[in-house]
Amino acid sequence: MNCRNTFRVQSCCFASNSSALSSSEMKGEIQESNSKAKVKQLVDKIRATPPKERSKVLEFMIEKQGDTKTIGYFNDLIMGLVMAEELDYALKLFDEMSMHGFSPDCWTYSILIRCYCKKNQPDEGKRVLDCMIENGLRPNVVTLTILVNSLCSRGRLQKAFEVMEMMGKVGCNPNVQTYNCVLKGLCFVGRVEEAYDMLMDLKNKGDSKESSGNPDIYSYTAVMDGFCKVGRTDEAMELLEEAIEMGLTPNVVTYNALFNGYCKEGKPRKGIKLLKLMKDRGCVPDYISYSTLLHGLLKWGKVMVAYWVYSEMVEVGFKVDERMMNSLLRGLCRNSWEEEELLKNVYEVFVKMKSWDHSIFPDTYYLIIQTFCIGNEVDMALITLIEMVEAGYFPRMVTINRMIRGLCEEGKISKALSVLVVVCEAGKIPSKISYNILIDEFNRQGFLLGACSVYGAALKLGMIPHQMPLNPQQNRSL
DNA sequence: CTAGGGTTAG
């Protein structure tokens, strides 16, 4: 749509002022409540209306308002639309204002800037700003910060600096929050060094009591995060110390940035040390803290520490991601082959996953079954195998054979046979190895008949098992 | 006289 053109036209005829209505003339739905409440009320109303009916409802609202419309009324409406994410409608209403005989005021323009920023069109926002200033209107810091932030978060640093300069010229100096947006923007485009320099500038200026104020913990966090993202977490740690020395209190977000850094750098244990330090300093880790660390530990194969973090998460009432749980469980399985003690941890995590309705991935199933077999828990392994089938996965033949071998090693041959049945019932063809294992076990137990029937079954499927049924006498003599 | 801004994961 041609918002641009309309915008130009309106900004030219801006000078005229509509006659103000006295408050006693205000009637209808919107009366004594203040603007903030009205806007909120409107937002709720828009949200409660199905998208298709929204334009009708708004038209009706504007019409019903009749002669009592004021510029403030329009501002509230447009603001409400922006807040309800009805951005195009907000622009449309802005265009329509003039038809109702109103010229936008400073507040209208500020809302418009905000609207364009939300639409990811900061350049349009900048145009509105230029226009405002041409018309002698002065936006305030907050509006300008919104614009600076929008530019910075899209990497448009150059333009952001232009806006900052403009701010100074109209006597509206950027404050800490504005600078924080720039710090984040610089880091975002990889100019961490510049961000660091700017932070130091802020600190020194702050000492000389300039109005822009001292950097706060947000400033430090932004730069620290920048360092962490480029693999310079140790330097970020130095900044943490500096922030503390300055009397600032790092918060969860600050620590989380560091956790992320250490985990990416392959030093998740440093993260764990920091976690302890954080707690000692009275800062409570949140879900992001834990999952960042857990993810890092698993990524770098620190299974036991990962399990420790997992337990703490459960203890404080957090759930763990399906993917991470699978990964943790696989790690525990592998470790349990060396440390038998871990079998109960495997089981515990396995049960927990099911209680959270997490699905267990096929690879994970395979490892659990194998682990139970190795840990002499063949019955558990079999139950798991059946669960796996019920979950809609069909085990690979290696898994099947591992299971059959596990059961045979404990002499549980009828259960081993039942595995073969499961395979056949699923319409799959068992591998020759399965038959070999079974025949071998029947032979070992001296069941010639059993061995023969398995052998026969294999032949029926066109397979000739390597293992032959043996006469018990022959068997014994071997 | 109205509203509105900034930091964290995979």
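Arg232 sits at 24% relative accessibility, so it counts as partly exposed. Its charged partner is Glu235: the two side chains meet in a salt bridge, with N and O 2.7 Å apart. Keep in mind that this is a predicted model. Across the whole structure, a search turns up 26 salt bridges, and a few of them are walked through here.

**The Arg232 pair**
- Glu235 has 32% relative accessibility, so this residue is partly exposed too.
- Why can such side chains pair up? Opposite charges on side chains can pair when the charged atoms come close.

**A pair along a helix**
- Lys40 makes a salt bridge with Asp44, and their closest N and O atoms are 3.5 Å apart.
- How are these two placed in helix α2? They lie four residues apart in that helix (residues 35-48), so about one helical turn separates them.
- Lys40 counts as exposed because its relative accessibility is 52%, and the cut-off for exposed is over 50%.
- Asp44, at 41% relative accessibility, counts as partly exposed.

**A pair that belongs to a network**
- Glu410 and Lys412 join their side chains in a salt bridge, at 3.4 Å from N to O.
- Which residues does the network around this pair hold? Asp379, Glu410, Lys412 and Lys415 are linked into one network by salt bridges that share partners.
- Glu410 is partly exposed, with 34% relative accessibility.
- Lys412 comes out at 25% relative accessibility, so Lys412 is partly exposed as well.

Definitions and conventions. Residues are numbered from 1 along each chain as its sequence is written. Chains are lettered from A and ligands numbered from 1 in the order in which they are written. This is a predicted model: local features need pLDDT of at least 70, side-chain atom pairs count only at pLDDT 80 or more; totals for chains, interfaces and linings use all residues. Side-chain values use heavy atoms; hydrogens and water are left out. A salt bridge is a side-chain nitrogen of Lys or Arg within 4 Å of a carboxyl oxygen of Asp or Glu. Buried means under 20% relative accessible area, exposed over 50%, partly exposed in between (1.4 Å probe, protein chains only).
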